[in-house]
Number of protein chains: 2
Amino acid sequence: MSEGGGPTTIKAFEERLLEVAERLPKRLRQCAEYVAANKDRIAVSTVAEMAEGAGVQPSAFMRFCQIMGFSGFSEMQKLFRESFVGGWPDYTTRLQHLREKAEGSPSALLAEFVEAGRTSLENLFKTIEPQSLEQAVQVLADAQMIHIIGLRRSFPVASYMAYAFEKMDVPAMLHSTVGRLDNRNAIRSGDVLLAITFSPYSAETIELVEAAQARGIQVVALTDTIVSPLRKYEAITLSVSEVDFGAFRSLSATLCLAIALSVAVGTRRSL
Amino acid sequence: MSEGGGPTTIKAFEERLLEVAERLPKRLRQCAEYVAANKDRIAVSTVAEMAEGAGVQPSAFMRFCQIMGFSGFSEMQKLFRESFVGGWPDYTTRLQHLREKAEGSPSALLAEFVEAGRTSLENLFKTIEPQSLEQAVQVLADAQMIHIIGLRRSFPVASYMAYAFEKMDVPAMLHSTVGRLDNRNAIRSGDVLLAITFSPYSAETIELVEAAQARGIQVVALTDTIVSPLRKYEAITLSVSEVDFGAFRSLSATLCLAIALSVAVGTRRSL
DNA sequence: CTCGATTTGGAATATATTTTCTATTCTGCT
DNA sequence: AGCAGAATAGAAAATATATTCCAAATCGAG
């Protein structure tokens, strides 16, 4: 029985559930009710668990799935699992293919990056914890001066934040390694260090963080994932995970977070 | 080996991950990194899927689970499934909720920027003409050397492209105004100028474009809308219209285009 | 360069889970 | 009450998934 006709979106699923629920025999109705009240569990449970929760036999639950239009429980579960992860079917490999074939027209490449950017943004929203963000904003707003460091791939982000702060009259200083000048003595008590670094993490940035910490300077870190070496230090960490293409990532999500952070700090200061 | 000693909370899990990540061989580190960036998937994926995502064999992923202190993948998964209960991060609903309810909080601000970024990306794809893009890629790929200029708000984009080109062994030079040095004589016949500018357009950039054109240098421009002053010159123009929120724009779309352009040039060159 | 130790990939095995099948129990009707 | 039809429970078969094992490859020290 290869019914392709099952609901393909959560919304459609809910509609079908409603439509069907009325005309269901006892046990199957139990299933319907349990499912309606526990949609989120479908993704992470086995039929046995769902059946037990609904107070029925696994086989009954099975029939329920079929009545809903799926070939079985697995297919129904797939719907929920996919909608949970936001369905980004591993970009890394997709982009790699594109590169290998090199047949990708520039537009196709752009399309991939646009798509990657969009999912990264969605993901950003899921992974940033509001309280960390709030904390970061507070610390930066209270700073005498904000020192920004971000090298290589992170430099665009650092420079954009410096620009934004400047525009909002927030005292900020962009540390760079132009001419191998080392400005670390500019950091004074009451200041805050905003460190931005992504794999591969630049040693200079990490060193600066270490030096700052040793002197009791607060550190706010913008980094990728939690394996970042910055995690070792007691910094307020905001982590962004961005899809990348070999050594490149579009930075969409990172910049988005950066600008939101800047503006939040700017507005809070001027209160 | 029935170690009951695995992490029992997500926090403990993250700590252990950090602790362990450093001293891990290649494949296992891939696992650690993938897991760090996709914690949410553990609950709804199979080992096979996780392994593929991390780019390793299932058995390697298995060993990773054991190193993390679990008896196997299932036990690790259990941790995530249990802590999964309720409130999954459905993007759309969460966004709406935040916008309405948490007005003024940093998270709400972030939500606005994320939304702005997403629509910008969508627009980007509509407004970029494939042939202009193609042309730009070709011209840049044929260049002896690419000179990049972008100041103020455009500087992050310029610097990122410089970084990307550098990584791909494409001869490129970032023109900046550090120390008021003027490098315009570095531009030689056969080179191409890549100018990036957005309203308010910096005079320096426009001047440089003018000077280049006068000497017969090809110019590729990245700008906003079609009213940009760069339009006057015979440049290949790629225009991005970025949705902005307040006085700032997240640059998501611009950077996306920038990176796509860079990678396209990089791959075409190496053919 | 060689040896020993560690790490890896892939197939083989064990386990868990889904799905189907059938005897049995309900339900509604005459 | 007795019958026909649908619904159900439970067990058995099929499938998918996790886990282990071992030979081959890789790495590092001497």
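Trainee: In this predicted model, are B:Arg249 and B:Asp224 buried or exposed?

Mentor: Their side chains meet in a salt bridge, at 3.8 Å from N to O. The pair links distant parts of chain B, with B:Arg249 in the loop between β5 and α12 and B:Asp224 in the loop between β4 and β5, 25 residues apart. As to accessibility, both B:Arg249 and B:Asp224 are buried.

Trainee: Which residues are joined into one network by salt bridges that share partners?

Mentor: One link is the salt bridge between the side chains of B:Glu115 and B:Arg118, at 3.9 Å from N to O. Those two residues lie three apart in helix α8 of chain B, about one turn of the helix, and both are buried. Through shared partners, the network consists of A:Glu122, B:Glu115 and B:Arg118.

Trainee: Why does B:Glu14 count as buried?

Mentor: B:Glu14, in helix α1 of chain B, is linked to B:Lys39 in helix α3, 25 residues away. Their salt bridge has its closest N and O atoms 3.4 Å apart. The limit for a buried residue is under 20% relative accessible area; B:Glu14 therefore counts as buried, its relative accessibility being 18%.

Trainee: How many salt bridges are there between chain A and chain B?

Mentor: Over all chains, the count comes to 10. B:Glu122 forms a salt bridge with A:Arg118, and the closest N and O atoms are 2.7 Å apart. Between chain A and chain B, the count is two.

Trainee: What area is buried between chain A and chain B?

Mentor: The contact involves 65 residues of chain A and 71 residues of chain B. Carbon and sulfur atoms give 74% of the buried area. The total buried between the two chains is about 6,400 Å².

Trainee: Which residues of chain A lose the most area to chain B?

Mentor: By class, the side of chain A that touches chain B has 40 nonpolar, nine polar and 16 charged residues. The residues in question together account for 13% of what that side buries. They are A:Phe84, A:Phe125 and A:Phe248.

Terms used: Residues are numbered from 1 along each chain as its sequence is written. Chains are lettered from A and ligands numbered from 1 in the order in which they are written. This is a predicted model: local features need pLDDT of at least 70, side-chain atom pairs count only at pLDDT 80 or more; totals for chains, interfaces and linings use all residues. Side-chain values use heavy atoms; hydrogens and water are left out. Contact means heavy atoms within 4.5 Å. Buried area is the accessible area (1.4 Å probe) that two parts lose on being put together, summed over both. A salt bridge is a side-chain nitrogen of Lys or Arg within 4 Å of a carboxyl oxygen of Asp or Glu. Ala, Val, Leu, Ile, Met, Phe, Trp, Tyr, Cys and Pro count as nonpolar, Asp, Glu, Lys and Arg as charged, and the others, Gly among them, as polar. Helices (H or I, at least four residues) and strands (E, at least two) are DSSP runs, numbered from the N terminus. Buried means under 20% relative accessible area, exposed over 50%, partly exposed in between (1.4 Å probe, protein chains only).
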